[in-house]
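Here are my notes on this model, point by point. Please read them with the structure open.

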Amino acid sequence: MTRTSFSLAAPPPDGLRISITTQPDSADGAALCRGTFPTPLGTVVALGAGGALWGLGFAGDMAAEQVLADLTARWPRARIVEAPEALAPAVEALLAGRGDLTVRLTGTAFQLAVWRALVGVPTGQVISYAMLADRIGRPRALRAVGTAVGQNPVSWAVPCHRVTRTDGSIGGYHWGTAVKRALLTREGASIAPLAIAAL
């Protein structure tokens with residue numbers, strides 16, 4: 001486990017530039033670097049290869065081992081290698097809210113459309129599932145949009161935490177609503193008036 005100190009200071013608006021790649025097409029035989037990082041937002045489990053972040057999740061409601069199992073199940077034929085030093089710059093960029101970060105995403109055309117739209121939601125702002133469906137030109141596909149949001153493999157970098165319900169409530173989050181609220185509070189989003197107790 002990497003012991004790195006991270007600041008909880010609010011990130012500058014839109015100081016982080018996210019690039020999306022869909023390469024390689026297959027993860028079969030890929031060596032995925034793994035790292036676990038203690039942060040003020042909770043323990044982060046990250047996976048990546050080739051300079052791109054492939055997966056990221058938060059321990060909290062789940063233990064770190066469960067988060068790792070959840071993420072690696074997406075790439076069952078990949079080989080996992082303990083190499084936190086390869087992933088630390090990505091986690092540092094996310095916490096600092098600035099720099100350049102590449103994420104590798106593969107999925108259906110619909111999923112990729114949803115995930116690309118999420119990357120366009122600015123720091124400190126939220127979007128409803130209905131607005132997200134409109135943004136990708138599928139206004140009646142609310143349930144499918146919600147499913148795609150929940151299947152995002154690179155949470156935080158692809159900011160699914162910025163999606164809320166139309167009625168203004170915070171909605172669910174794969175890694176737990178306490179983490180979602182903490183991320184939104186840190187970004188200054190008005191939807192999250194309370195931080196989790198650990199903060």
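Predicted model: local features only at pLDDT ≥ 70, side-chain atom pairs only at ≥ 80, totals over all residues.

1. β3 and β4 run antiparallel and are joined by six bridges.

2. The hairpin of β3 and β4 has two residues between the strands. Gly-50 takes a positive phi there, near 60 degrees.

3. On β3's pairing with β2, the sense is again antiparallel: strand β2 (residues 31-39) pairs with β3 over seven bridges. Cys-33 has Gly-48 of β3 as its bridge partner.

4. Is β3 enclosed or open? Six of its eight residues are buried, so β3 is largely enclosed by the rest of the structure. The strand spans residues 42-49.

5. The top contributor is α2, which gives five residues. By class, the lining of the second largest pocket holds ten nonpolar residues, four polar ones and one charged one.

6. Turn now to the salt bridges. How many does the structure hold? There are five. One of them joins the side chains of Arg-17 and Asp-100, at 2.7 Å from N to O. Arg-17 sits in strand β1 (residues 15-21) and Asp-100 in strand β6, so this pair ties together parts 83 residues apart in sequence.

7. How accessible are the two partners? Arg-17 is partly exposed, at 45% relative accessible area. Asp-100 counts as exposed, because its relative accessibility is 58% and the exposed class begins over 50%.

8. Arg-74 and Asp-70 form another salt bridge. Their closest N and O atoms are 3.4 Å apart. Arg-74 has 30% relative accessibility and so counts as partly exposed.

9. A further salt bridge pairs Glu-187 with Arg-162, with 2.9 Å between the closest N and O atoms. This pair links distant parts of the chain, 25 residues apart. Glu-187 belongs to helix α6 (residues 177-187). Arg-162 lies in the loop between α5 (142-150) and β8 (163-164). The side chains of Arg-162 and Glu-187 are also joined by a polar contact of 2.9 Å.

10. Are Glu-187 and Arg-162 buried or exposed? Both are buried. For Arg-162 the relative accessibility is 8%. That value counts as buried because the class covers anything under 20%. Arg-162 is thus a buried residue whose place is in a loop.

11. For a second pass, I would set two of these pairs side by side. Arg-17 is partly exposed and Asp-100 is exposed, whereas Glu-187 and Arg-162 are both buried.

Notes
Residues numbered from 1 in each chain as written. Heavy atoms only, no water. Helix = DSSP H or I, 4+ residues; strand = E, 2+ residues; numbered from the N terminus. Nonpolar A, V, L, I, M, F, W, Y, C, P; charged D, E, K, R; others polar. Salt bridge = Lys/Arg side-chain N within 4 Å of Asp/Glu carboxyl O. Buried < 20%, exposed > 50% of the residue type's maximum accessible area, 1.4 Å probe, protein only. Pairing = 2+ DSSP bridges. Polar contact = N/O pair within 3.5 Å; in protein donor to acceptor, adjacent residues only side chain to side chain.
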